[in-house]
Amino acid sequence: MRIGIIGLGRMGGAIAQRLMRARHETVVWDRDAEAIAALVPHGATAAASLADLVGQLGPEAVCWVMLPAGDPTETTIAALAALAGPGSIVIDGGNSFYKDGIRRARELAARSIDYVDVGTSGGVWGLERGFCMMIGGREEIVRRLDPIFEALAPGIGTIARTPAREGRDDRAERGYIHAGPPGAGHFVKMVHNAIEYGLMQAYAEGFDILKGKASAALPEDERFVIDLPDVAEVWRRGSVISSWLLDLTAAALAGDNDLEGYSGNVADSGEGRWAIDAAMEEAVPAYVTSAALYARYRSRVGSTFGDKLLSAMRFGFGGHVETP
């Protein structure tokens, strides 16, 4: 399949490479000429501009936009709407607000262009591990794009299959789902990221408690000097709280026991806020997500060891740099 990739950052570049490994043809464009040049030796065709990219793809172009949410995505999709012809497909693989996706689908449909929103998880590891994808769009369009999603997804791999799934759509087992109409993919990804906030905060607080047990403020016979790298490592092996986030935690602590390389000023990219807004609209209590988001706000005033661990995890899975 022939597809245009717009935005060749940490994930966009990996998406292009993974598609090329599966023998899909890619036409790539980014404002950074070096990012384009880096993919050409892998088989990508360079585009000189958005217009050139659409022109090279021809009628009924398929364009994957992998840019930060907000204005970069908004202006790029608006430009594609003016350039692409009827029957084209615009895929938004970033972390856009799902209500923006609903609106964009409606606006593009007026031009006979389909909008597909793909909540994409996998971070900087997606090239080797594959990307988990939550997809919104019209059923027939999502089916048409299946070769693209199948190439990007991790596949069944070595994970044990869930009992009693016989007869269900096996795309979920292969690492991607059609979540519903336009907007549904980004909605599911938004909740995914809100859960991620809570999980990360739980780890951060737990390791902060472990580290604090050596505090001089405690009675001397109640002080313990806990080896945090060893705790993280042993919890990875057979523990009920083992996870990829814990794997990243163990790696960060093994390399920097005091996490001096991290500021602990923890950013948020919007999904936690949007998830809390959705919870309020639905009258669903969201205590953990709310507390985790507020902890990130507080970290920008004064950070703790736990905040540094959050920064370390964010660097581990997404390459987000929060250094002192």
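## Ground rules

Two strands pair here if DSSP finds at least two bridges between them. Helices (H or I, at least four residues) and strands (E, at least two) are DSSP runs, numbered from the N terminus.

This is a predicted model, where local features need pLDDT of at least 70, side-chain atom pairs count only at pLDDT 80 or more, and totals for chains, interfaces and linings use all residues. Residues are numbered from 1 along each chain as its sequence is written, and side-chain values use heavy atoms, with hydrogens and water left out.

Start with the open sheet: 8 strands, ordered 3-2-1-4-5-6-7-8, with mixed pairing. The edges belong to strand 3 (45-46) and strand 8 (176-180); each has a single partner strand, so one side of each is left without a neighbour in the sheet.

Further in, strand 1 (residues 2-6) pairs with strand 4 (residues 62-65) in the parallel sense, over 3 bridges. Look for I5 there: its bridge partner in strand 4 is W64. Helix 1 (residues 10-21) lies across strand 1, strand 2 (25-29), strand 4 and strand 6 (114-121), and runs at about 165 degrees to strand 1.

## Helices 11 and 12

Next up is a helix pair. The axes of helix 11 (residues 228-235) and helix 12 (residues 244-255) come within 9 Å and cross at roughly 155 degrees (axes are lines fitted to C-alpha atoms, for helices over the stretch in contact, and angles run from 0 to 180 degrees between N-to-C directions). Helix 11 and helix 12 are therefore roughly antiparallel (over 145 degrees; under 35 is roughly parallel, 65 to 115 roughly perpendicular and the rest oblique). Their crossing is left-handed, meaning the near helix is turned anticlockwise from the far one by less than a right angle.

On the helix 11 side, L228, P229, A232, E233 and W235 make the contact, and L246, A250, L253 and A254 do so from helix 12 (contact means heavy atoms within 4.5 Å). By class that gives 8 nonpolar, no polar and 1 charged residues (Ala, Val, Leu, Ile, Met, Phe, Trp, Tyr, Cys and Pro are nonpolar, Asp, Glu, Lys and Arg charged, the others, Gly among them, polar).

## Helices 10 and 14

Helix 10 (residues 184-212) and helix 14 (residues 287-299) have axes that come within 8 Å and cross at roughly 70 degrees. That makes helix 10 roughly perpendicular to helix 14.

## A salt bridge

R138 and D114 join side chains in a salt bridge (2.8 Å, N to O). R138 sits in the loop between strand 7 (132-136) and helix 7 (139-144) and D114 in strand 6, so the pair ties together parts 24 residues apart in sequence. The rule (a side-chain nitrogen of Lys or Arg within 4 Å of a carboxyl oxygen of Asp or Glu) gives 24 salt bridges.
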